[in-house]
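Subject: Structure for your review

Dear colleague,

Please find the structure below, together with its sequence.

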Amino acid sequence: METLSNGIISLILIGITYSIVLPLLLCVIFKKRFKAHIKPFLLGLLTYGAFSFCLVNIINGLLLRFVDSSNFTPILVFIYSLCVQVVSVLIGQVGKYFTLRVLKNDPKPDKYALRGDALEFGTGFGGLELFMTVGITMASHFSYAAILSSGQAQQFIDSFTGVDQMNVQNIFNELLASTSGDYINLLLQGLTMFIFQIGSGLLVFRAVFGLSTNDMAYFRLSIIFNIIMVIPGCIVGAGLIKSPWFQTILMIVFGAAVLYYGYDKIKEYEKQHVRDMLSEKKGKKTLHLK
């Protein structure tokens, strides 16, 4: 069998490395820059693992038992995949909301109420998603690439039988047919979704920690933005548009816009929160002096 080029192997290794290093690096940067805490980062990891990974996969597994989409037309595939993605989005966003409610109910309510902790939470959530979607995928591809490079691919395929053998053969075929552009797309999409989840987390954070009833609108906006974010993938996945660059470019533009918007809104909230804290302290001081 053929082997993968050094360029593709390098991209695979980059994907494995940055899916681990980038979230941890940002966690350290936000902790030092904003005096943030580690707890929101860990809760972000837990929220993605419990809601967007475990619960969503359970529901998807149940759907696959009752829905056979193999004979669907492209339009029906798009509608079905969009519905599945909308359910996943709702589960993930509701998970963020209730996890942040737990954080807000800490005995010291102002301890986790500032920008740095909002960034840490989004980094934890998006970081685990980045690792699960890009890091593990790339690690799997690297293991198959190593088998190809060792010249033992055919022996490995022959060790399986029936459907399993066919599936393994298809994996090798798809791996050999892949190009550098395919891996660059995957790297960019993973990075963009990571950036988007930080921005989305900032909006949900404001909805939970904001004092105004109008702040709940940011939670609804986060859901809407997340649905918009997955639509290009549903279009490409259904085959309505073939080029993966359609999905990648739209994701980059929209993900960056959501991060910018979310960061602006969390700064706006933080200024008001700090002003309220100072006013409260002044009020207590004046009362004490009387």
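A contact, as the word is used in this message, means heavy atoms within 4.5 Å. By that criterion, residues 24 or more positions apart account for 83% of the contacts in the protein with a separation of 6 or more.

Please note that this is a predicted model, in which local features need pLDDT of at least 70 and side-chain atom pairs count only at pLDDT 80 or more, while totals for chains, interfaces and linings use all residues. Residues are numbered from 1 along each chain as its sequence is written, and side-chain values use heavy atoms, with hydrogens and water left out.

Overall architecture

The protein contains nine helices and zero strands; both are DSSP runs numbered from the N terminus, helices being H or I with at least four residues and strands E with at least two. The C-alpha trace spans about 85 × 40 × 30 Å along its principal axes. Of the 290 residues, 41% count as buried. Buried means under 20% relative accessible area, exposed means over 50%, and partly exposed lies in between (1.4 Å probe, protein chains only). The protein exposes about 15,600 Å², and carbon and sulfur atoms supply 67% of that area; accessible areas come from the Shrake-Rupley method with a 1.4 Å probe, and for residues only the protein chains shown count as cover.

Nonpolar cores

A nonpolar core is a set of buried Ala, Val, Leu, Ile, Met, Phe, Trp, Tyr and Cys residues joined through side-chain atoms within 4.5 Å. The largest one has 53 residues, and those with the most contacts inside it are Leu4, Leu100, Phe172, Tyr183, Phe205 and Phe209. Among the elements that give two or more residues to this core are helix 1 (6-34), helix 3 (74-104) and helix 9 (244-289). Helix 7 gives the most, with 13 residues. Apart from this core lies another, of five residues, including Phe78, Leu82, Ile235 and Ala238.

Not counting residues up to four places away in sequence, Phe205 touches Leu100, Tyr112, Ala113, Leu114, Asp117, Ala118, Gly210, Ile266 and Tyr269.

Individual residues

Ile8 is found in helix 1 and is buried, with a relative accessible area of 6%. Leaving aside neighbours within four places in sequence, Ile8 is in contact with Ser178, Thr179, Ser180 and Tyr183.

Gln93 lies in helix 3 and is likewise buried, with a relative accessible area of 1%. The side chains of Gln93 and Ser222 are joined by a polar contact of 2.6 Å. A polar contact is a pair of N or O atoms within 3.5 Å; within protein, one must be able to donate a hydrogen and the other to accept it, and residues adjacent in sequence count only if both atoms are side-chain atoms. Beyond four places in sequence, the residues in contact with Gln93 include Gln197, Ser200, Val204 and Phe219.

Asp106 is placed in the loop between helix 3 and helix 4. Asp106 is buried, with a relative accessible area of 15%, and has contacts with Lys39, Lys111 and Tyr112 when neighbours within four places in sequence are left aside.

Lys35 is located in the loop between helix 1 and helix 2 (38-66). Lys35 is exposed, with a relative accessible area of 66%. Most residues other than glycine have a negative phi. Lys35 is not a glycine, yet has a positive phi of about 55°.

With kind regards
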